[in-house]
Amino acid sequence: MAASLLASGKSTLEGIPPVSDIDSMGRICQYLGANITYTSDSLRIDTMNLGSLNVPDRLTRSLRAPILTLGPLIARFGFVNFCLPGGCSIGTRPIEEHLRGLEKMGACIKASEGSVEANAPSGLHGATIYMQTPSVTGTMNLMMAACLASGVTYIYNSAREPEVTDLAHCLISMGAILQEGDGPDPITIFGCDKPLLPYRYRVMEDRIEAGTFLILGAMAGNPLAVHGCTSKYQTALIEKLRAIGAQIDIKKGSVIVRKAVCPVAVDIQTGPYPAYPTDLQPQFMALLYMARGTSQITETVFEDRFNQSAGLIAMGAAICVDGRTL
Ligand SMILES: CC(=O)N[C@H]1[C@@H](OP(=O)(O)OP(=O)(O)OC[C@H]2O[C@@H](n3ccc(=O)[nH]c3=O)[C@H](O)[C@@H]2O)O[C@H](CO)[C@@H](O)[C@@H]1O
Ligand SMILES: C=C(OP(=O)(O)O)C(=O)O
């Protein structure tokens, strides 16, 4: 949705679920001047008449994704004033990787408590950016901004989540010239000297929702077939589900999971993709509650992501938290 702001005209995003985060992002696009139309599972965003470049607190506070309007707006219009986003309270959630990268591309950033103003009246230029932390939305913001910058941008130590690759494919469909990084190679974006085009794009599956169903299948009931689940995105989870005793069959376009009859304890450690995803850590904790023996969870991504343990303790789980390990 944020990428549609890079071009003028009607973009169509297919495969969109009716969830409130989509409505919230839609309200932000409308506030900026876009026209939004929903039809069954697709969303049309017409950005022909964007007007406002201020995103107010009442629209950003309920979710994290509005941070992604920062890169497109500064790149296309040379200005944005932005109230910091909310999102799940799982840690401090800094955004200095986003801001530092945009500054390297020539933006002048004024950050005050609760808002960020960015100026680039003469446009952005390409830069070589080394991310200290491979931030997912940080990488996405910098990729989108770099598409409209003059010259070439290299992003080293970027996030490699499948959603980053999916955004890259969407940007390429808009006319961006972009090479995905591999291993130590950076993401390389060749800034366009002509405007990007609106897209028609089908977004990838919700990897976290698919993973949540796989965990559910390992916990209860009959064999569960999760359709539209791409197994290669779930490699770290599937390895842990097998270790706990669940049976997993990988088919083309679906994954079948059979309950772990006598689940055994396993350890997990979250990390940036392809490591075990932090967004599937709370669900796995519920599964480990059923396992025989003591399991250990180490959360390396967010410093405050064990909130759900209080609920499990209230239900009788023996849980001991020691910093980022539980
Ligand atoms: C809307 C969205 O897509 N949210 C996802 C995104 O969040 P989000 O993009 O906010 O998460 P990041 O990838 O930025 O954060 C990962 C780690 O990097 C650190 N960091 C981040 C930015 C920065 O400037 N400096 C810094 O130190 C964070 O504190 C954290 O420890 O990726 C997370 C990690 O997969 C997921 O849990 C969120 O569901
Ligand atoms: C994905 C997230 O959740 P929310 O829907 O709260 O933004 C997040 O906080 O990164």
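Which residue does Lys110 stand opposite in E7? In this predicted model, the residue opposite Lys110 in E7 is Glu117. This pair belongs to the contact between strand E6, which covers residues 108-112, and E7; the two strands pair in the antiparallel sense, and five bridges are found over their length. E6 and E7 together form a hairpin, with two residues between the strands. One residue of the turn, Gly114, has a positive phi of about 90°.

Strand E7, residues 115-119, also pairs with strand E5, residues 79-83. The two strands run antiparallel and are joined by five bridges. Within this pairing, Val80 has Ala118 of E7 as its bridge partner.

The surroundings of ligand 2 were examined next. The residues around ligand 2 are Asp21, Leu63, Arg64, Gly87, Cys88 and Arg93. By class, this shell divides into three charged residues, two nonpolar and one polar. In Cys88, a backbone N or O atom lies 2.9 Å from an oxygen atom of ligand 2. Ligand 2 taken alone exposes 290 Å², of which the protein buries 66%.

The cysteines were then considered for disulfides, with a cut-off of 2.5 Å between sulfur atoms. By this rule the count is zero. For Cys147, the closest cysteine sulfur is that of Cys192, at 6.3 Å, and this is too far for a bond. Cys170 is likewise in no disulfide, the nearest cysteine sulfur being that of Cys147, 9.7 Å away. Cys147 counts as buried because its relative accessibility is 0%. Cys170, with a relative accessibility of 5%, therefore also counts as buried.

Key
Residues are numbered from 1 along each chain as its sequence is written. Chains are lettered from A and ligands numbered from 1 in the order in which they are written. This is a predicted model: local features need pLDDT of at least 70, side-chain atom pairs count only at pLDDT 80 or more; totals for chains, interfaces and linings use all residues. Side-chain values use heavy atoms; hydrogens and water are left out. A residue is near a molecule or strand if one of its heavy atoms lies within 4 Å of it. A polar contact is a pair of N or O atoms within 3.5 Å; within protein, one must be able to donate a hydrogen and the other to accept it, and residues adjacent in sequence count only if both atoms are side-chain atoms. Accessible areas come from the Shrake-Rupley method with a 1.4 Å probe; for residues, only the protein chains shown count as cover. Ala, Val, Leu, Ile, Met, Phe, Trp, Tyr, Cys and Pro count as nonpolar, Asp, Glu, Lys and Arg as charged, and the others, Gly among them, as polar. Buried means under 20% relative accessible area, exposed over 50%, partly exposed in between (1.4 Å probe, protein chains only). Two strands pair if DSSP finds at least two bridges between them. Helices (H or I, at least four residues) and strands (E, at least two) are DSSP runs, numbered from the N terminus.
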